[in-house]
Amino acid sequence: MTEHTVILRNVSKVYRQNAVAVQALTDINLEIPRKDFLCLSGPSGSGKSTLLNLIGGLDKPTTGEITVAGERVDQLGKGGLARLRLHKIGFVFQAYNLIPVLTARENVEFVMQLQGRSPAERGAKAREILQEVGLEGLEGRRPGELSGGQQQRVAVARAIVSEPSLVLADEPTANLDSKTAENLMQLLVHMNKEHHVTFIFSTHDRLVMDFSRRLIKLHDGRIVDDEKRGAGAVG
Amino acid sequence: MNVTLRFAWRNLWRHARRTWLTASAIAFSAALLVFMITLQLGAYDMMIDTSLRVYTGQLQVQRSGYLDKPQMRSTVPEAAALAAELRAAGFPAVAARAQGFALASSGSRSYGVPVSGVEPKYEPLVSTIPKRLAQGRYLREADAYEAVIGATLARNLKIKVGDELTLLGSGRDGSVAATIVPVVGIFDSGNPELDRHLVQLPLAAFQEVFSMGSDAHAIVLSGMELRELPKAATRARALLPADRELVVLEWQELLPGIEQAIEADMVQNWFTYIILIIVVTFSILNTFLMSVLERTREFGVMLALGATPYRIGSLVMVESVLLALLGLGIGLVVGGGLAVYFHLEGFTFPGMAELYAQFGLPGRIHAKLSFNAIAVGPAVIFLFTVVAALYPALRIRRLAPVEAMHAV
């Protein structure tokens, strides 16, 4: 039997804006197996980011069930969601969103500190993961002293270092040039293989779709296509 | 250094100018409070010391109950001998005193006045009256029949040095106490009450006129540091004969008005200080609200990463503590420096010496250095700063990750 990292059953999301109901997602059913490398695509307003937020426990569905790494996200309170995000989910954002006053190593350590790991373990693990993402020698630099690609690598290191079951990446290549974006995707494929982490992307970028092993297309809040692509077109 | 501490410290310096301005406001108020409070406490000590020195003394040995009901028969037996014992025990300034009441007359004028019997040899050690003679001289011999009187009383009686003063009262045993004594000196103590009423006679003469035997009504002790008085009182109590119902009274009991005046002044001053602190607190609150608002997006990311609102709120609180400590550190150095300087040199302003001399006060106020004097002001500022940071820290609890991450 296939082990699933994410299961969605009849998930819908309605936003209320000035008493007007906006149907962001309608009746989403989805099973994402462990170690999958999946891409959510679709035009703006199709519900990609909303779906990513629901899976990541950043928002709650209006109806339906969401299970992530064995936990019912839709039933968790604020504290439970924070704990789930901290231990089971990693995030990579379009704008990197590193903490500007912390160095690359401290940004990576920050998540481990939240997890309550010892300073010695944090230091060793941060060095190891930064070396793995190719930032050896740049650990002491702050985000403002790194290029966009380097910052996104720090963000990947930060997402992976907590040893999550799932990494959610929202438009991770949107601010990168094509060469840097390709290098980043190769790194993420490597992380997927080496760390056995499930990756879900939300993107418009053709490159990201090419690297994915599964491509889900959304339109007006509904899944309109679910294409399984074997080992991924490139990866 | 702990990551949170390092994080908080660096956050402070994202806007260095704003941080320095806020720290300066804290430093200024802390320095001002340290300086003002040490000077204020120094002024109180001077006021207490000066008031006690004029006449009351720092401690008094009396018969139990005499303070509330000063009757002639409530005496300290063998007062001069007991005073000598206290002197021998190391108390620097000790003098026996007897108190009576008489009708003082000169020519056609009469006034009811308190009459005090003093030891001319020892009275100058416990009172400034012997040094504040406006005319004539002070009492010399313990058994001489002579008197010194207050300047206002002399004016009212139209009496001058060398004139005779008639005293008519009742002695301890109810007999008539009457005498005619020459006025050898007129004092101007600076205390209007004493200058209007007091007549002093040598103790032996008083005891004779008022049938006191060798008793008196008080043994006055002085010449000690104010902070040593509670210990000195305990030591004096141990030296008193157990069978004579004697008590040692401290200055707060002898002159309760001084303490009440100090308390009233302190409340008034603290009202001003609290207004200053509230103004500074609003500046700090503004800084932290700005700081939290402009980092809403970053807090959203931290929430997404798994940080709890409590954790982020704690970070803001740590920032406020660090900012407060920075400002208070500078304020303590500046304020403490001023306090030490004015403790050593004394504080004065042009004309102060002449003004204070009229009331027998020294022309300089020496700031009082003590842990409380220096720490209380900054501690209150610290408390207000931390409370000010609570509001923005608590606002973080309302942040939702998705909305926060979309904040500009």
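**Exercise 1.** Work out how much accessible surface chain B has, and what share of that belongs to carbon and sulfur atoms.

*Solution.* Keep in mind that this is a predicted model. Start with the total: chain B shows about 19000 Å² of accessible surface. Next, the share: carbon and sulfur atoms make up 61% of that area. Now look inside: 49% of the 408 residues of chain B count as buried.

**Exercise 2.** Compare the radius of gyration of chain B with that of a compact globule of 408 residues.

*Solution.* Finally, check the spans: along its principal axes, the C-alpha trace of chain B covers about 100 × 50 × 30 Å.

**Exercise 3.** Decide whether Asn11(B) is buried or exposed, and find what it touches.

*Solution.* Step one is to locate the residue: Asn11(B) sits in helix 1 of chain B, which runs over residues 3-12. Step two is the accessibility. The cut-off for buried is under 20% relative accessible area, and Asn11(B) has 6%, so Asn11(B) counts as buried. Step three is the neighbours: leaving aside residues up to four places away in sequence, Asn11(B) touches Arg295(B), Leu315(B) and Glu319(B), plus Val101(A) from chain A.

Definitions and conventions:
Residues are numbered from 1 along each chain as its sequence is written. Chains are lettered from A and ligands numbered from 1 in the order in which they are written. This is a predicted model: local features need pLDDT of at least 70, side-chain atom pairs count only at pLDDT 80 or more; totals for chains, interfaces and linings use all residues. Side-chain values use heavy atoms; hydrogens and water are left out. The radius of gyration is taken over C-alpha atoms; the globule rule is 2.2 Å times the number of residues to the power 0.38. Buried means under 20% relative accessible area, exposed over 50%, partly exposed in between (1.4 Å probe, protein chains only). Accessible areas come from the Shrake-Rupley method with a 1.4 Å probe; for residues, only the protein chains shown count as cover. Helices (H or I, at least four residues) and strands (E, at least two) are DSSP runs, numbered from the N terminus. Contact means heavy atoms within 4.5 Å.
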